[in-house]
Amino acid sequence: MLGRLAAAGQLGRLASASAIRQVGAARGARSSAPFLLHLRQSQPTLALRFTGAKFCANAAGTSTATEVVTATSHLVKPGWEKLVGVWLLGASGMLFAMTSIGGYTRLSGSGLSMTDWRIEGRSLPRTDEAWMKEFEGYKQYPEYQRLHNGTMQLEDFKRIYFVEWFHRMFGRSAAVYFALPLAAFGVAGIVRKSLFARLGGLFGLGISQAFVGWWMVRSGFDPPEKHTPTLGPNQRPRVSPYRLASHWTAALTLYIGCLWQALTLLRKPPALAHGTQEAVRAALKVRRLALPVTAAVALTLLSGPFVAGNDAGRAYNTWPKMNYDWVPPEWLEAVNDPQGKMRHFFEETGVVQFNHRCLAYTSVLGSLALAGYGISQPLSSGAAAAVRFLPIAVSAQMCLGIATLLLYVPVELGVAHQAGGLFVLTALATVLHTLRLPPAGALLGAAAMAETAAAGSGGTAAAAAAAATGAAAGAATAATTTM
């Protein structure tokens with residue numbers, strides 16, 4: 001409750017400040033004294049806040065620049081927004097590439113070729129003896145014994161070993177790219193404490209991701225029946241789908257964390273991006289629908305590792321039916337006995353694939369509905385473009401997934417489909433970022449109340465102050481009833 005009242009007070013002050021700036025711009029600094037006198041009588045706290053500030057911004061450019069700096073000054077030192085934002089955008093690009101390389105590593109059968117792990121990394125073997133030592137170590141585990149026994153040559157092993165080695169070293173390069181500038185920016189005071197704490201948390205998650213990756217790979221050295229017992233004996237060696245899902249989820253979290261902070265620094269703040277109160281109201285309405293769409297897309301992305309981890313894409317290679325059924329019998333059996341067959345929702349090929357298909361359909365329909373609703377609203381140009389592009393990205397990803405399935409998961413399409421998931425996540429993050437509300441945006445136009453009241457009162461300073469007071473009261477009421 002205290003948090004709601006504090007937020008209500010902050011929103012009210014911001015709505016009042018909006019009205020004050022408008023009156024000051026209309027009447028000029030010379031007419032500010034009567035206004036401040038009335039303000040001191042009606043809102044003493046608000047008057048103290050603005051008495052020492054510049055009351056009027058005669059140049060629109062100066063006002064805009066001030067708002068931009070203010071919007072990000074708690075994140076970075078003014079003037080450094082673009083540089084830090086581009087650095088974070090580069091980190092997002094490296095994470096995108098890292099995740100795509102990981103997809104190729106898995107699909108090419110290279111992920112289990114290195115049988116040990118060191119956090120500092122190491123160079124490739126340089127002699128034939130060193131290569132043979134690595135090869136002999138690989139022969140001790142199920143992947144070689146069940147799939148390559150007597151058929152894999154040393155040159156074949158070198159190829160898959162290099163892919164896994166490159167994947168690991170690229171991850172270490174991404175860590176260095178992120179850590180060194182972050183440390184420099186922190187020491188120089190360029191990145192403020194709040195943003196430094198967030199980015200430090202992302203770096204910590206990145207370090208833990210290395211351990212999670214090895215934990216995932218280590219599961220591939222066990223007999224697969226240990227991790228997916230419902231699939232019976234003689235399974236194809238692979239990593240645990242549960243650990244693969246953990247690794248994938250952490251990768252998505254890292255990517256979206258860097259991307260979001262980059263967008264915050266490089267894009268206009270919400271108050272400038274929306275421009276009008278109508279656009280703010282529209283953003284609030286569309287955002288409400290965007291949240292369930294976000295949930296559907298997120299669940300679709302998180303169900304992907306269970307398809308990949310169980311090799312579910314190499315079965316039921318038909319569409320739109322699954323072989324001859326719209327609903328596979330395995331799914332019906334699992335639904336009829338959810339307690340006894342709970343693990344089937346995460347391990348059984350037909351169940352896992354059917355879930356992923358249905359979630360994909362839901363994501364496409366949800367994004368189309370969001371775009372249709374967005375078209376009917378007076379959104380800002382940036383928000384409108386982002387909302388309209390989302391169903392294109394989601395539909396393209398679904399079509400790519402269907403093609404991958406029908407062609408029995410060729411490596412190239414499999415990697416493209418995994419990268420497509422990140423592309424969809426990027427589009428979704430852009431939608432949510434463009435729909436961010438200014439601090440008073442959730443008031444459904446409390447500042448517009450001040451504008452309307454001030455215009456109807458003839459423009460007097462006292463009336464405008466009364467309008468500001470009314471907007472503040474409306475802000476508090478709206479905030480406490482909507483939060």
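**The loop, the cores and the rings**

Let me start with tyrosine 316, which is placed in the loop between H12 and H13. Helices here are DSSP runs of H or I with at least four residues, strands are runs of E with at least two, and both are numbered from the N terminus. Before going on: this is a predicted model, where local features need pLDDT of at least 70, side-chain atom pairs count only at pLDDT 80 or more, and totals for chains, interfaces and linings use all residues. Residues are numbered from 1 along each chain as its sequence is written, and side-chain values use heavy atoms, with hydrogens and water left out.

Tyrosine 316 has a positive phi of about 50 degrees, although it is not a glycine. Is this residue buried or exposed? Tyrosine 316 has a relative accessible area of 13%, so it is buried; buried means under 20%, exposed over 50%, and partly exposed in between, with a 1.4 Å probe and protein chains only.

Asparagine 323 lies in the loop between H12 and H13. Its phi is also positive, near 60 degrees, in a residue other than glycine. Asparagine 323 has 41% relative accessibility and therefore counts as partly exposed. Proline 320 is found in this loop too, between H12 and helix H13 (329-336). A cis peptide bond joins tryptophan 319 and proline 320, with omega about 5 degrees.

Next, the cores. A nonpolar core is a set of buried Ala, Val, Leu, Ile, Met, Phe, Trp, Tyr and Cys residues joined through side-chain atoms within 4.5 Å. The largest one has 51 residues, and Val84, Phe178, Leu379 and Leu435 have the most contacts inside it. Several helices supply at least two residues each, among them H5 (81-107), H8 (154-188) and H10 (241-266). H10 gives the most, with nine residues.

Take leucine 379 as an example. Leaving aside residues up to four places away in sequence, leucine 379 touches Ala282, Ala283, Val286, Gly374, Ala384, Val387 and Leu435; contact means heavy atoms within 4.5 Å. There is also a second, separate core of 11 residues, including Tyr138, Leu154, Ile160 and Tyr161.

Now the rings. Rings of Phe, Tyr and Trp (its six-membered ring) pair if their centres lie within 6.5 Å; planes under 30 degrees apart are stacked, over 60 edge-to-face, and the rest tilted. By this rule there are 22 aromatic pairs. Phenylalanine 96 and tyrosine 255 have ring centres 6.0 Å apart and planes at 65 degrees, so this pair is edge-to-face. The two are 159 residues apart, phenylalanine 96 in helix H5 and tyrosine 255 in helix H10. Tyrosine 255 is buried, at 5% relative accessibility, whereas phenylalanine 96 is partly exposed, at 23%.

Another edge-to-face pair is tryptophan 131 with tyrosine 161, at 5.2 Å centre to centre and 75 degrees between the planes. Tryptophan 131 sits in helix H6 (residues 128-138) and tyrosine 161 in helix H8, 30 residues apart. Both residues are buried.

One last item concerns phenylalanine 135. Lysine 139 lies over the face of that ring, 4.5 Å from the ring centre; the rule asks for NZ of Lys or CZ of Arg within 6 Å of the centre and within 35 degrees of the ring normal. Thank you.
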